[in-house]
Amino acid sequence: MSASPSSPRIEAAARLAGASRRSEIAPFIVMDVMERAARIEAAGGHVIHMEVGQPAASAPSTAREAARRALDHGRIGYTSALGIPSLRARIARHYGETYGVEVDPARVVVTTGSSSGFLLTFLAQFEPGDRVAIANPGYPPYRHILTALGCEPVLIETDAASRWVITPEALLDAHRRKPLKGVLVASPANPTGTMMRPQALAELVRTAESAGIRFISDEIYHGLDYAFPASTAAAISPEATIIHSFSKYFCMTGWRVGWMVMPQTLVRAVERLQQNLMISVPTLSQIAAEAAFDGASEMEAVKHGYEENRIILTTGLPAAGLPEFLPVDGAFYLYADVARFTDDSAAFARRLLDEAHVAATPGVDFDPHRGHHYLRLSYAGAPDEMREAVRRIGDFLRKG
Ligand SMILES: Cc1ncc(COP(=O)(O)O)c(C=O)c1O
């Protein structure tokens with residue numbers, strides 16, 4: 001006998017099957033683009049992938065060899081929750097070599113990609129209900145992780161006048177309306193590819209700290225700076241939290257390894273969280289990451305490829321009919337204004353994929369307010385593909 005729709009058993013089963021309210025966060029639309037692209041490829045089409053934000057290159061050979069040696073050696077056990085000590089020391093040394101800043105290895109925490117760095121640092125610094133400022137447009141998981149943790153992401157609109165970054169005035173304005181507990185910035189940023197000038201970063205860090213707002217700097221795209229050298233918030237304040245990763249400059253997305261430089265007073269809290277949430281970061285990846293620092297020449301060669309791509313796009317796209325984009329400072333993203341062609345960037349991206357076989361990510365993934373007028377193009381691929389993409393985009397726009 002079947003139960004009636006309103007029976008207590010069905011209601012109880014529905015309650016058990018339902019996901020929590022805090023898990024109700026938006027999906028990543030770029031995944032839909034990737035699926036559609038895969039279907040075109042399965043049918044024999046050649047898609048140029050400009051939707052995915054990851055290097056086409058492999059991890060440096062030094063990293064791969066170190067991992068191979070470790071595998072041959074045998075046992076891969078847990079490490080200490082904060083990371084392998086020699087890796088933490090190597091990361092600290094990187095700050096001296098790259099920025100001339102002394103960082104105590106005791107402040108370095110190895111993480112499972114920068115993604116787990118956000119989780120750990122938000123948990124260590126914020127309570128449910130706390131308000132945290134982020135730039136709009138911005139990387140969607142900032143909003144979604146904060147929301148899942150019960151915090152409130154506060155979108156600060158950025159535009160050409162602010163050079164697409166959060167200004168001290170905008171931060172204080174939001175803080176006056178309702179107090180903020182934190183602010184998170186990225187430079188170079190995703191999806192915009194724009195960077196904060198050293199002075200702008202320093203002023204924002206100081207403004208935030210004087211107002212009692214914790215500063216978090218996502219520096220995952222450091223190393224991929226073309227317009228001017230990226231500066232680290234670690235050089236400005238020991239109270240800022242730095243989030244970094246081996247995913248981008250080091251070409252190690254799938255290895256899932258990153259790091260944070262924490263204020264000393266928060267290290268123990270993060271250690272307790274990591275012990276309980278992850279135990280430790282994958283050991284093989286930590287071993288490979290330490291050796292990746294020795295692969296600088298390979299990573300620089302990859303970076304030169306991006307520089308070439310950047311020139312191909314910034315000179316080719318205006319001629320192809322797409323002249324408006326944000327300053328292409330760093331990372332491997334070009335954020336193009338497509339308002340003259342569409343009010344629906346998702347539909348535009350779908351047509352570009354279906355008709356020209358160029359996969360791009362609609363701005364709505366990154367900006368709930370103005371994203372329908374933007375498209376993000378990733379130039380992490382090969383220069384020949386970029387030239388072909390410019391040609392196809394030109395044909396597509398001419399066809400209308
Ligand atoms: C701005 C930004 N931060 C963080 C991440 C997360 O990277 P991962 O977890 O691989 O370090 C990404 C990935 O695309 C990103 O674009």
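**Ligand contacts**

In this predicted model, an oxygen atom of the ligand lies 2.7 Å from a polar side-chain atom of S245.

Q: Which residues come nearest to the ligand?
A: Of the 14 residues around the ligand, those that come nearest are S115, D218, Y221, S245 and S247.

**Backbone features**

Q: Why is R256 called partly exposed?
A: The relative accessible area of R256 is 30%. Buried requires under 20% and exposed requires over 50%, so R256 falls in between. R256 is located in the loop between strand 7 and strand 8.

Q: What makes the phi values of R256 and C251 worth noting?
A: Most residues other than glycine have a negative phi. R256 has a phi near 55 degrees, a positive value, and C251 has a positive phi near 60 degrees. C251 also belongs to the loop between strand 7 (241-245) and strand 8 (258-261).

Q: How do you know whether C251 is buried or exposed?
A: Its relative accessible area is 6%. This value is under 20%, so C251 is buried.

Q: Why does N190 count as buried?
A: N190 has 8% relative accessibility, which is under 20%, and therefore it counts as buried. Leaving aside neighbours within four places in sequence, N190 is in contact with G138, Y139, Y221, Y333, F366 and R376. The side chains of N190 and R376 are joined by a polar contact of 2.8 Å.

Q: How do you know that the buried residues of helix 7 lie on the same side?
A: The buried residues of helix 7 (residues 168-177) are P168, L171, A174 and H175. They cover an arc of only 135 degrees around the axis, which places them on the same side of helix 7. The face turned away from that side carries the exposed residues E169, R176 and R177.

Q: What do the buried residues of helix 7 pack against?
A: They pack against strand 3 (131-136), strand 4 (152-157), strand 5 (182-186) and helix 8 (198-210). In helix 8, T207 is in contact with P168 and L172, leaving aside neighbours within four places in sequence. T207 has a relative accessible area of 18%, which is under 20%, so T207 is buried.

Q: Which residues have the most contacts inside the largest nonpolar core?
A: This core has 81 residues, and those with the most contacts inside it are I91, L171, V183, F215, F246, F250 and M252. It draws at least three residues from each of domain 1 (20-58 + 297-399) and domain 2 (75-294). Apart from it lies another core of 25 residues, including L120, V132, M260 and A269.

Q: How many residues of each domain are in contact with the other?
A: 34 residues of domain 1 are in contact with 38 residues of domain 2. The C-alpha centres of domain 1 and domain 2 lie 25 Å apart.

Q: Why is E102 called exposed?
A: E102 has 81% relative accessibility, which is over 50%, and therefore E102 counts as exposed. E102 lies in the loop between helix 4 (85-99) and strand 2 (108-111).

Definitions and conventions
Residues numbered from 1 in each chain as written. Predicted model: local features only at pLDDT ≥ 70, side-chain atom pairs only at ≥ 80, totals over all residues. Heavy atoms only, no water. Buried < 20%, exposed > 50% of the residue type's maximum accessible area, 1.4 Å probe, protein only. Helix = DSSP H or I, 4+ residues; strand = E, 2+ residues; numbered from the N terminus. Arc of directions from axis to C-beta. Contact = heavy atoms within 4.5 Å. Core = buried A, V, L, I, M, F, W, Y, C linked by side-chain atoms within 4.5 Å. Domains from an automatic or database assignment. Near = heavy atom within 4 Å. Polar contact = N/O pair within 3.5 Å; in protein donor to acceptor, adjacent residues only side chain to side chain.
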